[in-house]
Amino acid sequence: MTSGISRRGRVLAAAVGTGVLVPLIAAATPAAAAAPTVTCSSAKAGLAAKLKKDITAALAGRKGTVAVGLYDRSTNTTCTLRASSAYDSASVVKVTVLAALLWDAKKSNRYLTDRENSLAKAMITKSDNAATSTLWKQLGMTKIKGFLSAAGMTQTKPGANGYWGLTQITVTDEQKLLKLLTAKNAVLSDNSRAYIVKLMGQVVSSQRWGTPYGVPSGVTVAVKNGWLQRSTNGWRVHSVGAFKGGGHDYVMTVLTHGNSTMNYGITTIQAVAKVIHKDLAAS
């Protein structure tokens with residue numbers, strides 16, 4: 001009955017209440033929105049253009065959705081891609097949890113207890129989930145949100161009902177946090193900053209992939225990674241890092257989802273990290 005008006009699928013037929021068939025013209029498919037591009041700026045001549053070209057090339061042909069942030073104090077260089085896109089945090093939120101704990105302790109003019117120190121070390125160096133849940137519950141939403149507000153991390157939305165790994169994060173806010181950890185500020189004390197960076201420098205070897213990949217010798221590394229598989233958007237694989245040495249002082253965030261496997265996401269992140277380290281070392 002409908003075959004006479006199908007015209008090779010360009011016309012759709014819709015049955016209405018009267019039983020009459022009314023032909024509907026299929027709407028034209030809108031043109032796909034242009035994919036976001038890498039944006040870079042730098043005080044160093046030629047560096048921004050080089051980074052933009054190399055990061056773009058590193059991501060060419062990679063599946064999934066990738067967000068990138070780079071900031072180098074030494075050359076006043078910034079690169080971003082999808083800076084405000086939200087991702088499930090997975091374990092990179094653990095740096096935020098520790099920063100919030102130290103921020104709150106500073107307000108009370110107290111040191112961390114031995115128990116808190118032990119939990120913090122397990123949470124950062126081994127990515128211990130139970131330790132994270134304990135500290136997340138201890139802090140509570142009011143203190144976590146208080147820290148985010150103090151840090152200017154306005155795009156970060158804490159996960160509900162204890163699901164800290166579903167906290168919504170962006171490159172913009174992760175870069176803000178990394179900058180707080182690596183320069184004097186009013187939010188975190190110098191001791192607190194040094195403590196977080198020290199633990200990020202002691203991450204177990206099996207979890208030191210991601211942003212440190214290709215780092216030049218003599219450059220110090222502080223890293224925290226996250227990985228989580230869900231039914232939508234496949235694997236989330238993220239890496240945040242702080243690097244100092246060789247005339248540079250830089251922080252890097254790479255967030256990804258839509259990865260078929262964890263290793264696929266790691267490979268994508270490391271392709272980006274490798275060219276960033278290389279281009280900065282050569283500048």
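Helices are DSSP runs of type H or I with at least four residues, numbered from the N terminus. On this basis, seven helices and 10 strands were assigned in the protein chain of the predicted model. Buried residues account for 46% of the 283 residues in the protein chain. Among contacts in the protein chain between residues at least 6 apart in sequence, those joining residues at least 24 apart make up 62%.

The strands were examined next. An open sheet is formed by six strands, arranged in the order E3-E5-E4-E10-E9-E8, and the pairing is antiparallel. Strand E3 (39-41) and strand E8 (220-229) are the edge strands, each of which pairs on one side only. From one strand to the next, the twist averages 5 degrees. Within this sheet, strand E4 (residues 65-72) pairs with strand E5 (residues 77-81) in the antiparallel sense, over five bridges. Glycine 69 stands opposite threonine 80 in E5. At the E8 side of the strand order, helix H6 (residues 190-200) lies across E8 and strand E9 (235-245). The direction of H6 is at about 70 degrees to that of E8.

The loop between helix H5 (171-181) and H6 contains serine 189. This residue counts as partly exposed because its relative accessibility is 25%, and the partly exposed class lies between the cut-offs of under 20% for buried and over 50% for exposed. Serine 189 and lysine 106 are 83 residues apart along the chain, and their C-alpha atoms are separated by 7.5 Å.

Rolling a probe the size of a water molecule over the atoms shows where empty space is left. The count came to one cavity of 30 Å³ or more. The largest cavity has a volume of about 40 Å³. Its lining consists of Val93, Thr96, Val97, Trp136, Ile144, Leu148, Thr156, Pro158 and Thr167. Two helices, H2 (93-107) and H4 (129-150), each supply at least two residues of this lining. By residue class, the lining of the largest cavity comprises six nonpolar and three polar residues, with no charged ones. Valine, tryptophan, isoleucine, leucine and proline count as nonpolar, and the lining includes Trp136 and Pro158.

Methods: Residues numbered from 1 in each chain as written. Predicted model: local features only at pLDDT ≥ 70, side-chain atom pairs only at ≥ 80, totals over all residues. Heavy atoms only, no water. Pairing = 2+ DSSP bridges. Axes fitted to C-alpha atoms, helices over the stretch in contact; angles between N-to-C directions. Contact = heavy atoms within 4.5 Å. 1 Å grid on protein atoms, 1.4 Å probe; cavity = no way out; pocket = protein on both sides within 12 Å on 5 of 7 lines; lining within 4 Å. Points joined across faces, edges and corners; volume = space filled by probe spheres on them. Buried < 20%, exposed > 50% of the residue type's maximum accessible area, 1.4 Å probe, protein only.
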